Amino acid sequence: MSVQGVNEPMPSGGSRPEAPPTGGDGPADGRKPAQHGYHHPAAGWGAAKSVTRVLLRERALVDGPRAIFKMNHENGGFDCPGCAWPDDTKGLKLDICENGIKHVTWEMTPKRVTRDFFAAHTVNELSTWTDFALEDQGRLTEPMVYDPDTDHYVPISWKGAFDLIGRELRALDSPDEAAFYTSGRLGNEATFLYQLMAREFGTNNLPDCSNMCHEASGRALQASLGTGKGTADLKDWESAEALFIMGVNAASNAPRMLTALADAYRRGAQIVHVNPLIEAAATRTIVPHEMTDMALFKSTRTSTLNLQVRSGGDMALLRGMAKAVLEQSTGDPKALDREFIERYTHGFEEYRALCEATPWEELERQSGLTRADILKAAAVYSRSDRTLISWCLGVSQHEHGVDTVREIVNVLLLRGNLGREGAGPSPVRGHSNVQGNRTCGIDHRPAGTFLDRLAEVCGIDPPRAHGLDTVGTIAAMHAGRVKVFVGMGGNFVLAAPDTPYTAQGLAKCALTVHVSTKLNRSHIVHGRQALILPCLGRTEKDEQRRGLQATSVEDSMSMVHLSVGMKRPASPHLLSEPAIIAGMARATLPDSATPWEHYVEDYDRIRDTMARVLDGFEDFNRRVRLPLGFRIRQPARELVFFTPSGRAEFSSAPLPDVVPPDGMLVLQTMRSHDQWNTTIYSDDDRYRGVRNLRTLVLMNPADMRAREITPGSLVDITATAKDGSLRSLEGYRALPYDMPRGCAAGYMPEMNVLIAANDYSHQSDQPLMKNVRVTIGPTAGE
C-alpha cells in the first residue's frame, strides 16, 4: 500500500523539489543514511548548534534572537506555538527550548508563497513534492481557491472565499454534513468563536487533534476524578519527592521539562522513566540557560531508574506496583493512606481483591519486566510522601489507554497522592493550546451544562446530539455524510490514521477549507472545491479596529495567559483566526444575532462573553492580565469530585493481553527529534543517532537476528488490522535499537498508512498509533 495523494508513495522530509528522495537510501543530494550511538546529554551544546543552523537556514539571525527574548514572557511576549509545557514560575529570562525556536523561526521565515508560485505549479505537480519541500516554500500570502479546469490554485478575495463557504454550508441538507476540525494552535478566543459558529449553524461535529492524542486521558480522569485534566501544576513538579514519567520522550515532546527533571534530581527526588525506548531525556541533560553548566560541559542526571516496559505494558507495571504496596500494607500500616481512602474514595475493596488475584507471573509477562524491576518501582513509590505521575501518548494511544490512565489514578489514590503539594496526575499535552481548545468548547460530546450556559448567554439553540470525532469524520466523508470539511490549522491528512483512506475521504467532499500559515499536504489532497485561507502566526502583530490584540492560551497545567505578537505580518492580506471565523460565520448565518464584527474589533469583548459561559473564566479580562495569568480552578485538586459517588473512583478493569502473537511485533509510531507534529525539519534524529533517513524501523537486535535481518538492510512491514485487512510498507531500513523483544518503532506520518481507519480504541476512539501489530521480514532480493 502506498500513500502519496491516494495511490503513490508519499515523499517525506529533507528534500527540495529539485532533489527528490530516493526511498530507503535517503536524499539524492549525496548524503547517506547513518546510525551511531548517542551518548551525549540532552539539550546543551547539541541544541545550541542545532538552533544556530536553523537561524542560518531561515535567515533569521536578527528576528530569531529578538523572538527568543520575547517568547514565553509575561509582559508583551508571545506564547511559544510549540508544546504546552507551562511557563517558568520564577521569571526565567530564557524559558525556551530547541524545538520552540525551530517552530518560531519556521513561522518567521522570509520565504513567501505568492500567486506567482501557484501559477507556476499545478496541484498534480505539487503532489510529487516532499512534505518538507511544500512547507519550505514559506508563508502563504493571500486566499486561494482551486480551479479544476487548470489544476491550479488561483487568487480569490476574502469576500469571495467567505461567500463560497456560506453558499456550500447553507446548501447542505443537514448541518451535520459539515465538520469543523481544530488543531492545538488555535487560541482560546478563536476557539470559542469557532465552536459558537458550528453550534449556531447546528452541529457538534467538532473533531480535534486531541481525539488522536489525549482523548483517553480526558475520559479516564473524568471517570476517576470528575475532571478531564490533570491536577498537578509546575509547583508540584518542583516539590515532588518522586516523579514517574511514562510514555514520554521529553527531550523532543516537551523539552522544557528537562529543567524540571534536572532540578528534581539535584534536590534528591527519585525520577523513574517508563518507556520501551530509553530516550536521551531519561539519561542526563545540560540546560542551555544554565550558563555555568554550559561553559563547563557539566551535565545533570534526569533519572534514577529506567524501566523498559513492552509496548502497552504500562498498566501491568502499575498494577504490579499496587499489588506490592498492598502486600506491604499487611505488615506496615503506613504503606496505605487509609484515612484518605476511607474518606475520599470509592471502590477500594474491589480493587484490592483484583490486585491480590492477579498472579505475579502474569504481571511480569504483560509488562515485559521482572518482578524485581516492578518491586523497585513500588519501593520508590512507597517511600515517597509526595508522588507525581506524568504520561503522554505512549500510554494513551492504546486500546486500553483509558484503563491505563485510570490505573495511574488508582496507584496515586493508594497513598493519598492527590490534593496536596507535590502530588497528583499530570498528563503531558502536545500542541500549545490543545487543552485550551477543549476547555473553550471544542468537544464533539459537549456537557449539557455547558450547552445550557451557551444557550443562555449567546442566545442560540445549540444541538444536543453528540457529533463526530476525528475517526468518525473520516468515515463520514467516505460515506458521503460529511460534504464540507473546515480545518483550523494542522495538516489533517498526515495527522490522521490510514493516510490513503483519509485522503480519499477529503477528495469526496464538495468543499475543503484549510486555514493555515504554510502550504502542506492537506491543501494538495482536496475536495471538489477547495480554499486555502492564510492567517496570522502567533509571532505576528494582530491589529484590529480597537488596536493591537492579545490572545490567550491554556497550558497543560491549566494556567491561562496572554500572548501578544511582535512581528509585522508576513503579508498585508492575512487575517487573524477570529476574523476568519467571523467572516465564515456571517456568510453562513446572515441573520445571526451574534455580534461577530463587534467581537473581532476587540478581543476583550470575546473574553467578556467567555467569562459568562465558561466555568473558571470569571473576571477573565482582569485575571488574564495578572503576572503569569491565572490557573483554572480544579475541584479534584481540592478533593471535590464530580463523580456519581462524589468520591474519587477506583477502577477495577481487567488486565489486557498486550503480548503479540508468535511472529508478530507491536510497532509504535513516533516523531523524530527534528520534527514537530507533521512538520519535518530534516531527515535527522539526533537523539536516536540517525542521520539522513526517515524510512526506517527500529527493532530489538534479537528480533532482527530471529528474522535474518542484518543492521541497515531493507525490510517490508505488514500490519494486520482488527478486521484482518493488511497494509504494507516496502523497502524500509531496519536499524537495531535498545528496546524490549516484541517491540518496534518508526516515524509518523510515514507509518500512519499502517494504521487502519477502524483500528481505534473502543474505550477512547483514538487511533492505535502505539499499538500496530506487524510482521517484518527482509525485502525480496536483499
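Helices (H or I, at least four residues) and strands (E, at least two) are DSSP runs, numbered from the N terminus. The model shown in these views is predicted, so local features need pLDDT of at least 70 and side-chain atom pairs count only at pLDDT 80 or more, while totals for chains, interfaces and linings use all residues. Residues are numbered from 1 along each chain as its sequence is written, and side-chain values use heavy atoms, with hydrogens and water left out.

**View A. The loop around G430.** Here we look at G430, which sits in the loop between strand 15 and helix 22 (434-439). G430 counts as partly exposed, at 25% relative accessibility (buried is under 20% relative accessible area, exposed over 50%, partly exposed in between, with a 1.4 Å probe and protein chains only). D555 is 125 residues away along the chain, and the C-alpha atoms of G430 and D555 are separated by 9.7 Å.

View B. Five strands form an open sheet in the order 12-9-8-14-15, with parallel pairing (two strands pair if DSSP finds at least two bridges between them). Strand 12 (305-307) and strand 15 (424-427) stand at the edges with a single partner strand each, so one side of each has no neighbour in the sheet. On average, neighbouring strands of this sheet are turned by 15° against each other, direction ignored. Helix 15 (residues 314-329) packs on the sheet and touches strand 8 (242-246), strand 9 (270-274) and strand 12; contact means heavy atoms within 4.5 Å. The direction of helix 15 makes about 155° with that of strand 8 (axes are lines fitted to C-alpha atoms, for helices over the stretch in contact, and angles run from 0 to 180 degrees between N-to-C directions). Strand 14 (residues 387-391) pairs with strand 15 in the parallel sense over four bridges, and W391 stands opposite P427 in strand 15.

**View C. The surroundings of W360.** W360 belongs to helix 18 (residues 360-367) and is buried, with a relative accessible area of 7%. Leaving aside neighbours within four places in sequence, W360 is in contact with G320, K323, A324, E327, R371, I374 and L375.

**View D. The hairpin of strands 5 and 6.** Strand 5 (residues 144-147) and strand 6 (residues 152-155) pair in the antiparallel sense over four bridges. V145 stands opposite V154 in strand 6. Four residues lie between the strands of this hairpin, where D151 takes a positive phi near 60°.

**View E. The largest pocket.** This open space holds about 1300 Å³. On a 1 Å grid over the protein atoms alone, a pocket is an open set with protein on both sides within 12 Å along at least five of seven lines, a cavity is a set of points where a 1.4 Å probe fits but cannot get out, and lining residues have an atom within 4 Å of a point. Of the 32 lining residues, Q222, G228, K229, R438 and A447 lie nearest the centre of the pocket. Helix 10 (215-225) gives the largest share of the lining, four residues.

**View F. The second largest cavity.** This cavity has a volume of about 230 Å³, meaning the space filled by probe spheres set on grid points joined across faces, edges and corners. Its lining counts 20 residues, with G537, R538, D542, T551 and E577 nearest the centre.
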